Structures are given as C-alpha cells and as structure tokens.
Amino acid sequence: MATTPDLAPTRKRAAARARPSASRATGKAREAQLEDQVSQLQDDLKAIAATLARLSNEKVSEVRDVARSEARHLQRQGQHVIDDVQDQASAVEKQLKDTIREKPLTAVASAVGIGFILALLSRR
C-alpha cells in the first residue's frame, strides 16, 4: 500500500508544479528582453547608417569642391598658355611681315620654292 508521504504533496512536488508557470514568466521576460535588445540594435544600425550617409555626403562635397577648384585652376592655366601662344604667333607674324618688307624678292622666291616642293610631294 501507499504510504502517506507518497500521497501527500511535498514541497518538491508543489515547487515542480509551480515551475512551469514561473519558467513561462521567465521565458516571456527573456523574450521581452531579447525584443528590446533587437529593437535597440535596429536603432543603432539606423544611426550608424545615417552617420555613414552623412560622412559620405561630406566627402562627396569635399571632392566636388576640390574638383571644381582644380578645374578652375586648369582653365586659368590653359588660358595663360593660349595667351602666350597667341603672343608668340603675333611676334612671328610681325617678324615675317618685316622680313617680307625688307626682302620681297627673297620672300617670293622662297614661296615659289616651297610651293614647288609641296607640288612634287603631293604627286607621289
């Protein structure tokens, strides 16, 4: 037959019966904690993404400004080169005109000779 201790609920049995509800509450609390942590991680990731976007926009702006500055510098430098070439061409033109005025027969003979050589070269 069964003895009284077997029939009467002991503290261990009562605790064992109470554990499922306590473990459910603990599980729900852990689940809520995990959800809060996941939510916090999502917020952190959004903040990191926003920071990266801001930094990349700043870098793009810096690079754009440097490129514009360099383009202006190159444009000015190119304009100086063009002005120098025009000045040199004007000087050569003036020198050529002066030479033709001083020695017109030599200039005509040179032009005829150059024309003859070009005609020979163009035949071939």
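1. Glu-93 pairs with Lys-97 in a salt bridge, with 3.4 Å between their closest N and O atoms; the term requires a side-chain nitrogen of Lys or Arg within 4 Å of a carboxyl oxygen of Asp or Glu. The two residues belong to helix α2, where they stand four residues apart, about one turn of the helix. Glu-93 is partly exposed at a relative accessible area of 43%, and Lys-97 is likewise partly exposed at 42%. Here buried means under 20% relative accessible area, exposed means over 50%, and partly exposed lies in between, with a 1.4 Å probe and protein chains only.

2. The model is a predicted one, in which local features need pLDDT of at least 70 and side-chain atom pairs count only at pLDDT 80 or more, while totals for chains, interfaces and linings use all residues. Residues are numbered from 1 along each chain as its sequence is written, and side-chain values use heavy atoms, with hydrogens and water left out.

3. As to the overall fold, the protein has three helices and zero strands, which follow the pattern α-α-α along the sequence. Helices (H or I, at least four residues) and strands (E, at least two) are DSSP runs, numbered from the N terminus. Of the 124 residues in the protein, buried residues make up 0%. The protein exposes about 11500 Å², and carbon and sulfur atoms supply 60% of that area; such areas come from the Shrake-Rupley method with a 1.4 Å probe, and for residues only the protein chains shown count as cover.

4. The structure holds four salt bridges, and two further examples deserve mention. Lys-59 and Glu-62 are joined through their side chains at 3.8 Å, N to O, and, being three residues apart in helix α2, they are separated by about one helical turn. Lys-59 counts as exposed at 54% relative accessibility, whereas Glu-62 is partly exposed at 44%.

5. The other example links Arg-101 with Asp-98, whose closest N and O atoms are 3.8 Å apart. Both residues lie in helix α2, three residues apart, about one turn of the helix. Arg-101 is exposed, with 64% relative accessibility, and Asp-98 is partly exposed, with 29%. An α-helix has 3.6 residues a turn, so residues three or four places apart point the same way.

6. On the surface, Arg-64, Arg-68, Arg-72 and Arg-76 gather in a patch of positive charge. Patches are made of residues with over 30% relative accessible area and no salt bridge, like charges being joined within 9 Å and nonpolar side chains (Val, Leu, Ile, Met, Phe, Trp, Tyr) within 5 Å. Arg-64, a member of this group, is found in helix α2, which runs over residues 11-102, and is partly exposed with a relative accessible area of 41%.

7. A nonpolar patch on the surface is formed by Ile-114, Phe-116, Ile-117, Leu-118, Leu-120 and Leu-121, which together have about 630 Å² of accessible area. Leu-118 is found in helix α3, residues 104-123, and is exposed at a relative accessible area of 53%.

8. Which length should helix α3 span, at 1.5 Å a residue? Its 20 residues should span 28 Å, and its end C-alpha atoms are 29 Å apart, which agrees; the expected span is 1.5 Å times one less than the number of residues. Of these 20 residues the number buried is zero, so α3 lies largely in the open.

Key. Lys, Arg positive; Asp, Glu negative; His and termini not counted. Charge placed at Lys NZ, Arg CZ, Asp CG, Glu CD.
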